[in-house]
Amino acid sequence: MDIDPAPGPEPAQPQPRSTALPREAPRPQPKRFKKTSIRSRGRSARWISRESAAATGRADNLQFRRWRPAPTTGTDSTDSPIPDKFARYNVKPEVPVYDNETYEKHLIHQEWTKEETDHLVEIYRECNGKWPVITDHYSFADGPNRSMEDLKSRFYSVSAAILQLNTPITSMTAPEYTLYETLSNFNPKQEASRKQLAEGHLYRKQNEVDEESVLLSELQRIMLSQATIDTEREELRRRLDYPHANTNGYQYTTSQALTQLWQQLLAADRMKKNQRLRPTGYDGFPTATPISARPRDSNAGLPDSATMPGRRGTRDSLPSAASQNALPVDLSKADLQRFGVVQNQDKLPGGVTFASDKLSKPRIAKSTIQTDKIATILQHAGVPELIPLPTPAVVEQFDSIMSKVHALLDMRKLKDKEEQELKVREAEAGQ
Amino acid sequence: MASAMPPTQAPANAEYAGDEINALVLDPGSYTTRAGFAGEDTPKSVVPTSYGSLPSGERLFGENAIHLPRPDMEIRNPYNSDGIVEDWDTAARLWEYSITSRLTGAKQTPPTRNGLNDRTGPRDENGDVEMEMEQAEDQQEQPLAEFPLLMSEAPWNPTKAREKTMEIAMEEWGVPAFFLAKTGQLAAYSQGKATALVVDVGHRNTSVTALWEGMVLRKSIFHTHLAGSWLNSQIRAMFATLSPPVPLVPHYMVQSKQPVDANTPSAATYTTFSKPPTASFRQLEEDRVLTSFKESVVQAWQGPGRLDSPSTNNANNNSSAGYTNVDYAKGLPPKPFEMPDGWNSVFGIERFKVAEGLFDHRAAYPTPTQPELKGESTLPSLLSRSLQACDVETRAPLLNNVILTGAGSLIEKLPERLQSDLQTMFPNPKVRVLANSSAPERKFGSWVGGSVLGSLGTFHQMWVSRQEYGEFGAGIVEKRCK
């Protein structure tokens with residue numbers, strides 16, 4: 001049974017009746033909030049009203065009356081922990097501290113007097129370092145109108161100087177140094193121009209804002225549907241018919257790979273009977289002498305032909321089978337001659353050969369008598385013994401001369417033989 | 001830079017910031033004076049600032065006193081039209097009355113009158129009885145000496161007024177600690193914002209204050225007289241323009257009334273006075289009728305655009321050149337209003353027009369005292385002037401937190417209209433006008449902010465104590481109460 005002190009209607013009990021009359025159903029009882037028994041509620045907390053210090057950060061000893069829970073143990077602490085709870089919110093901004101001497105030595109500025117600088121530091125401290133508020137509260141009677149950038153630059157320069165004085169740069173820790181750097185690198189003009197830009201941005205007209213929002217929504221739409229568009233494109237490509245490469249074509253994108261491919265094809269082509277590919281000037285065997293160093297008649301055309309191969313790259317080294325000219329540029333005969341371009345169709349012998357050998361070797365025959373004979377003929381013809389520069393034209397001429405010399409020698413031999421033969425016959429005929 | 005907690009980080013549950021010391025919060029205004037204990041959510045004492053002044057020099061404060069028709073009572077107000085106190089003596093008495101009438105205990109009756117000293121004791125030559133006066137005097141004269149007092153002030157309060165307030169509090173009332181805060185700042189605190197642009201629409205003045213991270217930006221404070229009292233004058237002018245002009249009869253004149261049809265003259269019996277009450281009393285009572293008119297009928301055109309600008313309303317397909325918002329508003333159902341004497345009518349477009357002057361200076365009704373409004377007194381121009389005085393980087397956050405407070409802002413659809421006007425003026429940043437939907441919180445916004453501030457544990461280091469006042473004098477209020 002609950003010890004409910006509050007009076008209430010007695011629950012109507014059904015009267016015991018004879019079974020002839022219908023029983024009265026028990027009335028539904030109103031729900032009552034059961035108060036717990038006094039014993040189980042226990043003692044309520046005791047609160048006492050006491051004077052205690054207002055806040056620990058105050059200069060005076062202002063006392064306020066507060067209610068606080070009575071201490072359950074015997075000791076009654078005089079200063080409750082409540083003020084201490086809020087003491088940590090009492091943050092003060094850091095300000096550079098300097099005295100007159102330091103000011104005289106390091107902090108002099110043309111446009112700022114000491115009083116004004118002191119005033120600025122004071123306002124900074126009062127306004128908790130919030131620059132919009134500082135600019136608002138700043139009012140120095142004697143000074144000119146200062147913008148926020150002026151105030152900031154002066155304050156930062158003073159802070160940086162003091163920071164540097166307190167800890168020399170070499171012994172600053174990393175965060176201190178970054179702070180010092182940011183303080184020193186404050187650029188008031190840049191800040192002012194940035195603010196002007198911000199102002200212009202703030203006052204943009206409605207149509208600009210609308211345009212920007214439309215573009216942004218467009219961009220978002222594009223980004224979102226990027227994936228779906230890609231898959232759709234892929235599917236479309238699959239539906240269209242095109243030859244599929246069964247090897248990877250990507251390995252031949254670099255110039256090195258292309259040159260290698262060309263060499264392979266060229267090599268394979270040489271093996272065949274009728275060559276279809278014509279070797280070009282870019283056959284890939286890296287010659288020791290680049291084109292510009294080869295001997296030529298004139299140097300006038302040097303830059304063009306030197307740059308041209310570099311420009312064209314290796315793609316042009318794949319010739320078309322139909323072109324006769326293995327050069328990348330069609331040169332006329334006059335140009336060929338002028339630029340001294342020679343198309344050497346012969347197979348070059350391996351190893352090191354000298355072009356001057358072409359001028360000296362043919363003079364040497366198997367026997368010394370022949371060599372002497374050749375030498376006398378050449379001397380008679382006026383060909384000097386030592387030809388200084390074996391240019392292609394000279395070599396060609398020399399070859400023709402040598403062939404004529406050989407022909408002459410052969411004719412002489414034949415003439416001697418015939419004379420001998422004639423003498424013998426005459427001798428036979430005369431007997 | 002100070003390394004404080006960022007304002008966006010909510011404190012942990014264990015860091016309950018309340019530390020209630022039973023401070024008193026007094027928020028005096030030009031229409032009502034609000035007072036109460038810090039930590040509560042509404043002021044327990046709301047006393048009209050108008051007082052009755054009898055020819056004997058006696059002043060009657062309180063609602064029960066001023067609304068009683070007496071033949072010789074003049075209704076006065078200690079505030080001037082700019083919202084600053086003029087009559088300091090009356091103001092001090094009024095503030096004391098607002099606190100002692102409801103909040104502190106009743107004053108002990110002085111020993112001269114408490115009936116305990118009538119018979120006892122020897123009488124001296126004058127027949128006076130010697131009484132225990134010293135203790136009683138101390139107790140009588142200092143009912144406010146127990147609690148620290150937090151008062152609010154208008155943001156443009158001059159320094160002299162501030163110092164005078166402090167003197168009254170410290171010397172006449174003997175408070176142990178005192179602080180003076182600006183109403184705009186407190187209204188923002190009541191909404192839980194430390195960075196906000198507060199628009200306070202009061203009775204005599206509407207003010208704009210910008211608050212940055214808890215501190216007021218003084219250069220951004222602007223005020224205009226376009227407020228509740230001006231709206232009353234607009235309604236009177238509007239009544240005069242209607243044909244026939246609307247009869248404005250206050251309640252005390254009416255003895256009994258009969259129901260009549262709309263726009264027909266009233267059929268009421270009026271009370272006759274042997275000596276009728278004064279004109280100022282009649283003005284006060286008429287203003288009460290107008291207040292109920294403002295509460296029930298007046299509405300601001302909610303935008304977009306002004307009332308007479310071309311309508312962009314797509315609901316009506318009528319897009320002809322002459323279709324303005326006026327035509328749209330005429331299509332809305334009008335609202336009826338019944339005067340105390342039974343005269344009633346419906347008000348359609350007029351109820352929009354009276355409030356239009358707040359936003360469009362050309363749409364205001366011309367009144368005898370003021371034929372024309374200046375363009376810079378309207379609410380949107382006030383806000384733009386205030387923003388111009390702030391740093392560029394602060395403007396966007398301020399526009400994102402525009403707080404509309406004050407009893408005058410309870411005009412229907414005023415927040416929506418302000419939002420649409422501001423967004424049109426500043427299309428780029430996101431403009432957000434915060435107007436509390438609860439009417440008492442808007443009416444007593446600055447009081448609630450004072451209650452919040454006075455019960456914060458971290459505020460207790462900012463009180464100005466008697467000791468400090470004794471050392472530095474009244475000039476300390478400029479230094480400490482920023």
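User: Is B:D89 buried, partly exposed or exposed?
Analyst: B:D89 counts as partly exposed, because its relative accessibility is 42%. Buried means under 20% relative accessible area, exposed over 50%, and partly exposed is in between (1.4 Å probe, protein chains only). Keep in mind that this is a predicted model, where local features need pLDDT of at least 70, side-chain atom pairs count only at pLDDT 80 or more, and totals for chains, interfaces and linings use all residues. Residues are numbered from 1 along each chain as its sequence is written, and side-chain values use heavy atoms, with hydrogens and water left out.

User: Which residue does B:D89 form a salt bridge with?
Analyst: With B:R59; the closest N and O atoms are 3.5 Å apart. A salt bridge here is a side-chain nitrogen of Lys or Arg within 4 Å of a carboxyl oxygen of Asp or Glu.

User: How many salt bridges over all chains?
Analyst: The search of the whole structure finds 40. One in chain A joins the side chains of A:R146 and A:E116, at 3.2 Å from N to O. That pair also links distant parts of its chain, with A:R146 in the loop between helix 5 (131-137) and helix 6 (148-166) and A:E116 in helix 4 (residues 114-126), 30 residues apart.

User: Are A:R146 and A:E116 buried or exposed?
Analyst: A:R146 counts as buried at 12% relative accessibility, and A:E116 is buried at 3%.

User: What does A:E122 pair with?
Analyst: A:E122 forms a salt bridge with A:R125, with the closest N and O atoms 2.6 Å apart. Both lie in helix 4 of chain A, three residues apart, about one turn of the helix. A:E122 counts as partly exposed at 32% relative accessibility, and A:R125 does at 34%.

User: OK, rings now. How many aromatic pairs are there over all chains?
Analyst: There are 24. Rings of Phe, Tyr and Trp (its six-membered ring) pair if their centres lie within 6.5 Å; planes under 30 degrees apart count as stacked, over 60 as edge-to-face and the rest as tilted.

User: Why is the pair of B:F239 and B:F347 called tilted?
Analyst: Because the planes are at 40°, with the ring centres 6.0 Å apart. B:F239 lies in helix 6 (residues 228-241) of chain B and B:F347 in strand 15 (residues 344-347) of chain B, so the pair ties together parts 108 residues apart in sequence. B:F239 counts as buried at 3% relative accessibility, and B:F347 counts as buried at 1%.

User: What about B:Y252 and B:F273?
Analyst: They form a tilted aromatic pair, 5.9 Å centre to centre with 50° between the planes. B:Y252 is buried at 13% relative accessible area, whereas B:F273 counts as partly exposed at 30%.

User: Which residues do ring pairs link into a cluster in chain A?
Analyst: A:Y124, A:W131, A:F155, A:Y156 and A:F186.

Terms used
Chains lettered and ligands numbered in written order. Helix = DSSP H or I, 4+ residues; strand = E, 2+ residues; numbered from the N terminus.
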